[in-house]
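This report covers salt bridges and helix packing in one model. The sequence and coordinates come first.

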Amino acid sequence: MAQPRLLLADDHRETAALLADLLQSDFDVIGQVQDGPALIKAEENLSPDVIVSDISMPGFDGITAASLILRRNPAARIVLVTVHSDPILVERGFQMGALGYVLKRDAGDELVPAVHSALRGERHVNPRLYPQNTTRKP
């Protein structure tokens, strides 16, 4: 059975390589890009099943890229992976249509389950962001 096709966006090559290694056991990583404009173009050209994107990238950030992609393709599945734990960014990401929000420091435990949740159309938020209630979903 074919693995879901995943597009990865992160402006740090080393981080992107680590994330790709983590994800490739469950997903077919079909492309890697390093900025917001390249993410939008790659999504259009590659038609991935799911996108994993950093928030802080050149050109424009991952949340803006997610919003633009979702305007054109409302069925897109997007998981944000970031160092930013600011609840305002979490809320903004979900308001723009992302289905997952994972902190990079927890990617080893959280990213694969978050991507699987997104593929099912379900939200996933890193439990560290809401430790008193890990079932809370913005």
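Which side chains meet in a salt bridge at 3.9 Å, N to O? They are those of aspartate 61 and arginine 92. A salt bridge here is a side-chain nitrogen of Lys or Arg within 4 Å of a carboxyl oxygen of Asp or Glu. Aspartate 61 lies in the loop between strand 3 and helix 3, and arginine 92 in helix 4 (residues 87-95), so the pair ties together parts that are 31 residues apart in sequence.

The model is predicted: local features need pLDDT of at least 70 and side-chain atom pairs count only at pLDDT 80 or more, while totals for chains, interfaces and linings use all residues. Residues are numbered from 1 along each chain as its sequence is written, and side-chain values use heavy atoms, with hydrogens and water left out. Helices (H or I, at least four residues) and strands (E, at least two) are DSSP runs, numbered from the N terminus.

**Salt bridges**

By the rule above, the count comes to 6 salt bridges.

| Arginine 72 | Glutamate 43 | 2.0 Å |

Burial is assigned by relative accessible area: buried is under 20%, exposed over 50%, and partly exposed in between (1.4 Å probe, protein chains only). Glutamate 43 is buried at 4%, whereas arginine 72 is partly exposed at 40%.

Lysine 104 sits in the loop between strand 5 (100-103) and helix 5, and aspartate 54 in the loop between strand 3 (50-53) and helix 3, 50 residues apart. Aspartate 54 is buried, with 4% relative accessibility. Asp10, Asp54 and Lys104 are linked in a network of salt bridges.

In the remaining tabulated pair, aspartate 61 is partly exposed at 22% relative accessibility, and arginine 92 is partly exposed at 30%.

**Helix packing**

Axes are lines fitted to C-alpha atoms, for helices over the stretch in contact, and angles run from 0 to 180 degrees between N-to-C directions. Angles under 35 degrees count as roughly parallel, over 145 as roughly antiparallel, 65 to 115 as roughly perpendicular and the rest as oblique. Contact means heavy atoms within 4.5 Å.

Helix 2 and helix 3 pack at about 25°, with axes 9 Å apart. Helix 2 is therefore roughly parallel to helix 3. Gly36, Leu39, Ile40, Glu43 and Glu44 in helix 2 meet Ala65, Leu68, Ile69 and Arg72 in helix 3. These residues divide into 5 nonpolar, 1 polar and 3 charged. For this division, Ala, Val, Leu, Ile, Met, Phe, Trp, Tyr, Cys and Pro are nonpolar, Asp, Glu, Lys and Arg charged, and the others, Gly among them, polar.

Helix 1 (residues 13-23) and helix 5 (residues 107-119) pack at about 60°, with axes 10 Å apart. The two are therefore oblique to each other. Leu19, Leu22 and Leu23 in helix 1 meet Ala107, Gly108, Leu111, Val112 and Val115 in helix 5. The residues of this contact divide into 7 nonpolar, 1 polar and no charged.

**Serine 117**

Helix 5 also holds serine 117, which is buried at 8% relative accessible area. Leaving aside residues up to four places away in sequence, serine 117 touches Glu122 and His124.
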